[in-house]
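Please look over the structure shown below before reading the numbered points.

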Amino acid sequence: MMSFEMNDRKKIGLGLTAFGVFFSFLGVVFVFDKGLLAMGNILFISGVSLTIGLKSTMQFFTKRSNYKGTISFGAGFFFVVIGWPILGMMLETYGFFVLFSGFWPTLAVFAQKIPVLGWIIQQPYIRSFFDKYRGKRVPV
């Protein structure tokens, strides 16, 4: 069995990622404030880089199958910085879903094991939705 070691670099990376998501959320709540959105993007990318490592981050974003997501996420970031936050967030959201689409089945299985959320997901209509879009699980 492989143990997961949480060193200081990964702790800082997870914290930066969480702050990035928080700042992005605040940027959307405050009517697409471009400063908060840009700060959220920078913190999110920095956090991911620290959590999984710079080499793994570069390999992930430059993988041939991830080009569409990487380009749309990068273009979205550019549009946020130049002052078009709504278009930028739309592009970033699309890029995020394309980049991390392989993780959704794994996330769905994990969510089913959470006590209250798992019960909700097990309801027939919601379960049929997850079963319809279930693909191969990605090892995490």
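1. Lys68, Gly69, Thr70, Ser72, Phe73, Ala75, Gly76, Phe77, Phe79 and Val80 in α4 are in contact (heavy atoms within 4.5 Å) with Pro85, Leu87, Gly88, Met89, Leu91, Glu92, Tyr94, Gly95, Phe96, Val98 and Leu99 in α5. By class, the residues of this contact of α4 with α5 are 13 nonpolar, six polar and two charged. Here Ala, Val, Leu, Ile, Met, Phe, Trp, Tyr, Cys and Pro count as nonpolar, Asp, Glu, Lys and Arg as charged, and the others, Gly among them, as polar.

2. The model is predicted: local features need pLDDT of at least 70 and side-chain atom pairs count only at pLDDT 80 or more, whereas totals for chains, interfaces and linings use all residues. Residues are numbered from 1 along each chain as its sequence is written, and side-chain values use heavy atoms, with hydrogens and water left out.

3. Helix α4 covers residues 67-82 and helix α5 residues 85-99; they pack at an angle of about 160°, with their axes 7 Å apart. Axes are lines fitted to C-alpha atoms, for helices over the stretch in contact, and angles run from 0 to 180 degrees between N-to-C directions. The angle therefore makes α4 roughly antiparallel to α5, a term for angles over 145 degrees.

4. Helix α2 (residues 34-52) and helix α3 (residues 54-62) pack at an angle of about 115°, and their axes are 6 Å apart. Ile45, Val48, Ser49 and Ile52 in α2 meet Leu54, Ser56, Thr57 and Phe61 in α3. This contact of α2 with α3 has five nonpolar, three polar and no charged residues.

5. Which residues form the largest nonpolar core? The five are Phe60, Phe61, Phe73, Leu99 and Phe100. A nonpolar core is a set of buried Ala, Val, Leu, Ile, Met, Phe, Trp, Tyr and Cys residues joined through side-chain atoms within 4.5 Å; buried means under 20% relative accessible area, exposed over 50%, and partly exposed in between (1.4 Å probe, protein chains only). Leaving aside neighbours within four places in sequence, Phe60 is in contact with Asn66, Leu99, Phe100 and Phe103.

6. Gly35 lies in α2 and counts as partly exposed because its relative accessibility is 46%. Gly35 and Val81 are 46 residues apart in sequence, and their C-alpha atoms are 7.8 Å apart in space.

7. The chain has eight helices and zero strands; helices (H or I, at least four residues) and strands (E, at least two) are DSSP runs, numbered from the N terminus. Of its 140 residues, 30% count as buried.

How values were computed: Angles under 35 degrees count as roughly parallel, over 145 as roughly antiparallel, 65 to 115 as roughly perpendicular and the rest as oblique.
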